[in-house]
Amino acid sequence: MHPVSHQHPPTYTHDATACEECDLLVPATELAVGETSSCPRCGHTLTRHLPEQERRPIAYGFAAIIMFVLSNAFTFMSFSAKGVGQEMTFLQCITTLVDQGYLFLGAVLSITLIGLPLVYIGSIMLVLWRLDKDLHSKALRSLGRLLCRIKPWLMVDVFLIGVLISLVKLMGMADIKMGLSFWTFVGYTLLLIKMISSLDRMWLWQRLFGPTAARELDPEESALSCGLVGCHICGALNEQDAHSCVRCGDHLHSRKPGGLNRTWALLITSVILYIPANLYPIMDTVFLGDDSPSTIMGGVVLLWAMGSYPIAAVIFFASVVVPLVKILALLWLCYVVQRGQGASPLGKLKLYRMTEFVGRWSMIDVFVVAILAGLIRLDNLMTIYPGPAAVAFAGVVLVTMVAAMSFDSRLIWDLQQGERERE
């Protein structure tokens, strides 16, 4: 591991790299604090020189852990109707699902709301704390790769929006009060977001293991055409025949092997799951012995009839429109890449970015069901149970997220390159 100086200059020169979205070679660039380096062809953000990257994430991490502990120590929400009340802690959103036999949903919530966020916070704090100390290089590489891979699966912010939507659904039915744990959970969410945004991935790898060897690059060529491959984890340039990255040790592939076929398979799976997710009830409400199952669209219609137009629109957009549009968009991208249609690559890439960004927000409806099932348990008066569609819908969201990750956006630009060479 390279010796690390304690003097941190006001500028940071990031390594030459290849854009992970279009594969264009980008020479090394010197950045002042607050500046950003972007790909000149597709506009993808490559790296940022953020202030105090060695200290701020640690401070945010400590504060986030404290807030997380407090969010489990008090009442999260309370619900009362007709003189009967029920309190819920944060963990009861998960334990109620497990008690009712929904182990898959309980596992999804446990992993995305507790397990992965705490691993992410702990890994960043450990890496930065040992930045100038002698931590084993293999351990650093393993932690660094872990950070990059679990980041898309942190859904604490999505859960918080689900809580707010649950409030709107319940306001017309009963008296709702937010406990101290709710406010500490809000703090935990905000601090986690700040922690993620205060650390740059490429800066961290370069700070840990130093810059890679200088190269003379043609900034108008792709890495593939020059016999190079860019690492998606740390951004380092490697020779095309290398099996693992010289800096982070991750496996290298010029293009994701079997990525297109895997994306097709995952999308077909999501289409199959999408059918029961919309046909079956996503939750059952038992009120005074009367069972009222509700589908996703049924919940949207009910909210609209109650006059909660913004919330109805959010649920409709996140739970109906987004999954369907994402599936159709990825199917179309796979089709045009397989057919070799290389026109308008930037437009196709923007569509792909949209599908990647919005995919996780479809989990809102699953989180709403978990919150309502954990909170409303008033025995014979009123109880809410998750419906079979909740499992299918969670499967749709997770499978489409993996499908988007499996799709290699560099294939879009390879088509344009092939057309240029034929001309």
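This is a walk through the structure, one selection at a time.

Before you click, note that this is a predicted model, in which local features need pLDDT of at least 70, side-chain atom pairs count only at pLDDT 80 or more, and totals for chains, interfaces and linings use all residues. Residues are numbered from 1 along each chain as its sequence is written, and side-chain values use heavy atoms, with hydrogens and water left out.

**Stop 1: the rings**

Start by selecting Phe-90 and Phe-185. A search of the whole structure turns up 13 aromatic pairs. In this one the ring centres are 5.0 Å apart and the planes sit at 35°, so the pair is tilted. For the terms: rings of Phe, Tyr and Trp (its six-membered ring) pair if their centres lie within 6.5 Å, and planes under 30 degrees apart count as stacked, over 60 as edge-to-face and the rest as tilted.

Where do Phe-90 and Phe-185 come from in the chain? Phe-90 belongs to the loop between β8 (84-88) and α2 (92-99), while Phe-185 is in helix α6 (residues 180-197), 95 residues apart. Those element names are DSSP runs numbered from the N terminus: helices (H or I) have at least four residues and strands (E) at least two.

Now widen the selection to Phe-68, Phe-76, Phe-90, Phe-159, Phe-182, Trp-183, Phe-185, Tyr-188 and Phe-367, which ring pairs link into a cluster.

**Stop 2: charges over rings**

Pick Arg-141 next: Arg-141 lies over the face of Phe-209, 4.2 Å from the ring centre. Then try Arg-360, whose charged end sits over the ring of Trp-361, 5.5 Å from its centre. A charge sits over a ring if NZ of Lys or CZ of Arg is within 6 Å of the ring centre and within 35 degrees of the ring normal.

**Stop 3**

Show helix α3 (residues 103-129) together with α6. Their axes are 11 Å apart and the helices pack at an angle of about 45°; α3 and α6 are therefore oblique to each other. On the α3 side, select Leu-113, Pro-117, Tyr-120, Ile-121, Ile-124 and Met-125; on the α6 side, Tyr-188, Leu-192, Met-195 and Ile-196. These residues make the contact, where contact means heavy atoms within 4.5 Å.

Axes are lines fitted to C-alpha atoms, for helices over the stretch in contact, and angles run from 0 to 180 degrees between N-to-C directions. Angles under 35 degrees count as roughly parallel, over 145 as roughly antiparallel, 65 to 115 as roughly perpendicular and the rest as oblique.

Switch to helix α5 (residues 156-171) and α12, whose axes come within 8 Å and cross at roughly 60°. α5 and α12 are therefore oblique as well. Residues of α5 that meet α12 include Val-158, Phe-159, Gly-162 and Ser-166, and their α12 partners include Ile-364, Phe-367, Ile-371 and Leu-375.

**Stop 4: two positive phi angles**

Most residues other than glycine have a negative phi. Asp-23, in the loop between β2 (17-18) and β3 (25-26), has a positive phi near 75°. Glu-52, in the loop between β6 (45-48) and α1 (56-71), also has a positive phi, about 50°. Asp-23 is buried, at 2% relative accessible area, whereas Glu-52 is partly exposed, at 42%.

**Stop 5**

Jump to Ser-362, in the loop between α11 (345-358) and α12 (364-375). Ser-362 is buried at 2%, and beyond residues up to four places away in sequence it touches Ala-318, Ser-319, Val-322, Pro-323, Phe-393 and Val-397.

Next comes Pro-281, in the loop between α8 (259-279) and β12 (283-287). Which residue lies 108 residues from Pro-281 in sequence and 5.5 Å away in space? That is Ala-389, going C-alpha to C-alpha.

Finish on Lys-326 in helix α10 (residues 309-339). Lys-326 is buried, with a relative accessible area of 3%. Leaving out residues up to four places away in sequence, Lys-326 touches Thr-355, Gly-359, Thr-400, Met-401 and Ala-404.

Conventions: Buried < 20%, exposed > 50% of the residue type's maximum accessible area, 1.4 Å probe, protein only.
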